[in-house]
There are 2 protein chains.
Amino acid sequence: MADEPALVWAKERRSPRRQAPGVEQIVRTAIAIADAEGLPAVSMRRVATDLGSGTASLYRYVASRDELLDLMIDEVKAAEHTEITGDWRADLASVAHQVRLTLLRHPWLSGELPGRPALGTNSLRRHEAALAAAAGLTADITLAAGVVDTVLAYVFGTVAQELAELQAQRRSGLTKEQWQASVGPYIRDVIASGQYPQFTRRVVEGEEWSAERVFEFGLNCVLDGVAARAG
Amino acid sequence: MADEPALVWAKERRSPRRQAPGVEQIVRTAIAIADAEGLPAVSMRRVATDLGSGTASLYRYVASRDELLDLMIDEVKAAEHTEITGDWRADLASVAHQVRLTLLRHPWLSGELPGRPALGTNSLRRHEAALAAAAGLTADITLAAGVVDTVLAYVFGTVAQELAELQAQRRSGLTKEQWQASVGPYIRDVIASGQYPQFTRRVVEGEEWSAERVFEFGLNCVLDGVAARAG
DNA sequence: AGCCACTCGGGTACGATGTTCGCAACGGAC
DNA sequence: GTCCGTTGCGAACATCGTACCCGAGTGGCT
């Protein structure tokens with residue numbers, strides 16, 4: 001108990017003997033459900049059903065639903081890959097785009113990542129790649145770490161904002177049109193109140209940027225900034 | 001049903017007639033529980049118990065637990081305030097610090113914000129303040145919006161990272177010492193594997209910055225960047 | 001003052017969840 | 001062939017969010 005590693009990823013996983021599901025299968029199935037129907041749909045019973053096994057069997061391979069979530073998060077990062085070219089700006093941008101893609105592909109990630117340190121194998125591999133990218137900018141590892149943390153913080157934050165409306169829509173169960181139809185009048189009222197002049201200008205006069213454009217703009221700002229501070 | 005506003009904050013709230021709790025009380029109690037014991041501890045039964053009322057009574061004032069969360073989020077932003085001085089850099093930094101403080105004070109926020117558009121009264125008020133701050137940098141409202149989104153994305157992202165370890169600790173139920181004692185050997189193994197040279201350098205050679213220092217560094221990067229792009 | 005319609009508070013109950021217990025059935029080792 | 005550890009899993013439990021329903025109390029009208 002005391003010498004048992006408390007960290008999820010360090011545990012040795014038993015390999016199934018009979019027709020077993022195996023941890024991998026379980027994690028993959030859970031991810032598929034989460035992607036298609038959202039995290040709340042990932043119940044132990046549901047995963048077991050989709051796997052064609054009994055609910056209690058899952059606990060032979062996974063200690064709890066929470067641990068399953070940790071494994072899902074790390075598994076999802078397995079798909080990311082970045083070639084380090086030595087051009088720090090291009091490399092960091094590549095890392096940033098990869099992270100964004102992963103977060104968009106698995107919308108449930110954004111809500112679960114805060115509160116879970118990224119210590120899984122794949123998370124570490126990605127962090128390593130990010131540090132290697134930043135190493136092209138500065139040899140000071142402390143500075144490089146600061147740069148990586150800053151860039152990744154920005155990426156995570158923007159995608160969270162980007163996902164907010166999408167997720168709310170999904171959660172409300174409305175179609176895009178219904179959702180907009182219900183938000184519209186509310187925004188109209190807010191504007192009509194006259195209490196939010198800047199917000200009003202943003203909505204009325206402002207040009208609407210695509211999510212990609214917003215992302216690129218902010219990313220370039222951040223990269224400009226770190227270049228200035230680490231040169 | 002159809003002409004009923006679908007947005008939580010636009011609803012008219014009934015005012016209690018007898019000794020009622022009232023929405024405010026409910027939300028405040030829920031926030032207190034979440035701050036002290038984490039979001040999962042905020043069950044309808046628990047809130048009702050702390051309020052000294054019956055569980056079902058809460059539903060007279062709040063449609064669902066989910067709606068209660070929306071209200072909690074907006075309520076928590078009521079405490080924020082920023083004076084707009086016209087010095088865009090100082091003003092934006094002030095907004096950023098306020099947001100960080102709020103997120104740190106209510107650790108459950110970070111996990112709930114992604115997936116919920118910030119359309120509550122207080123959220124709008126804060127967004128308005130942020131835009132006003134950015135207006136000191138550029139008169140172009142589209143650009144100002146981009147700047148605000150970028151800065152806030154960074155803040156949200158860093159705090160999420162900052163909170164990750166703290167939250168994992170809390171969730172594991174271990175003390176800080178026990179937690180570190182369980183992470184230590186794992187990190188040692190990771191380093192010993194030799195597969196993560198940059199990560200190893202970061203841990204071994206790297207100087208450990210305080211959370212505040214990390215935050216300041218990244219924030220300055222971002223502010224430098226937006227200054228360059230909006231000038 | 002008296003009455004009625006309406007609202008409020010909340011006990012009870014239902015379905016679903018995460019997790020544990022204990023057992024039956026299987027498979028490799030001897 | 002026998003045996004023992006291991007596996008899969010049915011059943012049960014505590015707890016959750018929420019709907020239903022009714023007694024009690026109130027405000028407004030006559």
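These notebook entries record what I looked up in a predicted model with chains A and B.

**Entry 1: the contact between the chains**

I began with the residues that each chain brings to the contact, and I found 64 from chain A and 63 from chain B. I then asked which helices of chain A supply at least two residues each to the side that touches chain B. They are α5 (109-112), α6 (121-135), α7 (141-172), α8 (176-193), α9 (197-204) and α10 (211-229). The helix that gives the most to this side is α7(A), with 22 residues. Sorted by class, the side of chain A that touches chain B holds 35 nonpolar, 18 polar and 11 charged residues.

**Entry 2: the buried residues of α9(A)**

I next looked up which residues of α9(A) are buried, and I noted A:Gln198, A:Phe199, A:Thr200 and A:Arg202. Their cover includes α8 of chain A, and also α6 (121-135) and α7 (141-172) of chain B.

**Entry 3: α4 and α10 within chain B**

I turned to a helix pair in chain B, α4 (residues 88-105) and α10 (residues 211-229). Their axes lie 11 Å apart, and the packing angle is about 140 degrees. Angles over 145 degrees would count as roughly antiparallel; α4(B) and α10(B) are therefore oblique to each other. I recorded the crossing of α4(B) and α10(B) as right-handed.

Which residues meet here, from α4(B) and from α10(B)? From α4(B) I listed B:Arg89, B:Leu92, B:Ala93, B:Ala96 and B:Arg100, and from α10(B) I listed B:Phe215, B:Leu219 and B:Leu223. By class, this contact has 6 nonpolar and 2 charged residues, with no polar ones. An α-helix has 3.6 residues a turn, so residues three or four places apart point the same way.

Note on methods: Residues numbered from 1 in each chain as written. Chains lettered and ligands numbered in written order. Predicted model: local features only at pLDDT ≥ 70, side-chain atom pairs only at ≥ 80, totals over all residues. Contact = placed C-beta atoms within 7 Å. Helix = DSSP H or I, 4+ residues; strand = E, 2+ residues; numbered from the N terminus. Nonpolar A, V, L, I, M, F, W, Y, C, P; charged D, E, K, R; others polar. Axes fitted to C-alpha atoms, helices over the stretch in contact; angles between N-to-C directions. Parallel < 35°, antiparallel > 145°, perpendicular 65-115°, else oblique. Left-handed = near helix turned anticlockwise from the far one by under 90°. Buried ≥ 20, exposed ≤ 12 C-beta atoms within 10 Å, placed from the backbone.
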